[in-house]
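Keep the viewer open as you read.

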Amino acid sequence: MACAGPASGRQRVSMQEHMAIDVSPGPIRPIHLISDYFPHFYPFLEPVLRAPDRQAMLTPAIPSAPQLQPSPEPEGDSDDSTALGILEFTLLFDEDNSALHCTAHRAKGLKPPAAGSVDTYVKANLLPGASKASQLRTRTVRGTREPVWEETLTYHGFTCQDAGRKTLRLCVCEDSRLRRRRRAPPLGELRVPLRKLVPNRARSFDICLEKRRLIKRPKSLDTARGMSLYEEEEMEAEVFGEERGRILLSLCYSSERGGLLVGVLRCAHLAPMDANGYSDPFVRLFLHPSSGKKSKYKTSVRRKTLNPEFNEEFFYAGHREELAQKALLVSVWDYDLGTADDFIGGVQLSGRASGERLRHWRECLGHCDHRLELWHLLDSVPPQLGD
């Protein structure tokens, strides 16, 4: 097809030729030969578009095929739980010392609601049980979405029975102290049934965070077990367990001093008795029946805690035969200034007891100078004085 041009030698193309297109399936291409007049716009079509063969016309589309492939999916699953991030941690059930160690290593790919960096910490709870009684937390790592804590949280008084029925909940939370609102929702949480643990063997986990499952606290439970009276909280249904807590006692009959040494070491997971969700606990000891000498002792008060550590020791004089006929009454109380103290829980060790309480009492009096430490669950009623 030839076109006559002006004296300047420039070629002209009619509007009909310029707008002519090939509407065959595939990418839109100009009719062959028209591209000779527009090499700047179609440099890659010169030789092949001249051939009328359809297969030849499709060959330029082959190199561009990879561009039509979908973009690769991100690592991991694409559901909401994975989008919240991943938490790496290690659990160790120390059966010999009745302790559960949880080491929070790091988090990856956190998705805070606001853009930018975030200040985060890890909060741990044992379920079922009182929320604040079993609540531990790490320090706050500031200004990163890939926080590294490398911090170990320890639950004392953790037994094989606890491992069989309890679940550890870990939450990655945003530190809201610098925010105007009172509480920021967790960035994500996960739960690990502790029955999977093998005693005295560490196990590492790398688990995706999930959205927190919340349930409204019933109105009838607003004052139960000293929960907050001043705010509507959303709490897990499992936090309302019936345990009053547990106490670690050491007993040793000293042949040198001629009496019984009673050590009040610590308490764990005590029931909250104050409106702030905590207690001010102390321990009372009473050896019954009284022999006229000093038989009542009391530890110091530990303020605003549900896991107090006392490490105080008391002495009861007497022969082993005499002590075997008596009972040691141990009770934990919440100190209240100006009002009567609140009873939290108690335990009685004597020859009439059963289970671990009876074993603790008999082994102590049956072996001189042998110190034995055992955890005991607290009863919800005060120990009764028998005849």
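## The sheet, the histidine and the pocket

Strand β13 (residues 246–254) pairs with β14 through 9 bridges, running antiparallel. Keep in mind that this is a predicted model.

Zoom out and you'll see an open sheet of 4 strands, ordered β17-β14-β13-β20 with antiparallel pairing. β17 (309–317) and β20 (372–377) sit at the edges with a single partner strand each, so one side of each has no neighbour in the sheet. From one strand to the next, the twist averages 25°. Helix α6 (residues 355–366) packs on this sheet, touching β13, β14 and β20, and its direction makes about 160° with that of β20.

Now for the histidine. His269 is in the loop between β14 (259–268) and β15 (281–288). Is His269 buried or exposed? Its relative accessibility is 9%, and buried means under 20%, so His269 counts as buried. Leaving aside neighbours within four places in sequence, the contacts of His269 include Arg244, Gly245 and Arg246, and also Tyr155 and His156.

Last stop: the second largest pocket, with a volume of about 640 Å³. Its lining takes in 22 residues, and Ser98, Thr159, Glu356, Leu374 and Trp375 are the ones nearest the centre. α4 (160–165), β13, α6 and β20 each give at least two lining residues, with the largest share, 5 residues, coming from β20. Here's that lining by class:

| Class | Lining of the second largest pocket |
|---|---|
| Nonpolar | 7 residues |
| Polar | 6 residues |

Terms used: Residues are numbered from 1 along each chain as its sequence is written. This is a predicted model: local features need pLDDT of at least 70, side-chain atom pairs count only at pLDDT 80 or more; totals for chains, interfaces and linings use all residues. Side-chain values use heavy atoms; hydrogens and water are left out. Buried means under 20% relative accessible area, exposed over 50%, partly exposed in between (1.4 Å probe, protein chains only). Contact means heavy atoms within 4.5 Å. Two strands pair if DSSP finds at least two bridges between them. Axes are lines fitted to C-alpha atoms, for helices over the stretch in contact, and angles run from 0 to 180 degrees between N-to-C directions. On a 1 Å grid over the protein atoms alone, a cavity is a set of points where a 1.4 Å probe fits but cannot get out, and a pocket is an open set with protein on both sides within 12 Å along at least five of seven lines; lining residues have an atom within 4 Å of a point. Grid points are joined across faces, edges and corners, and a volume is the space filled by probe spheres set on the points. Ala, Val, Leu, Ile, Met, Phe, Trp, Tyr, Cys and Pro count as nonpolar, Asp, Glu, Lys and Arg as charged, and the others, Gly among them, as polar.
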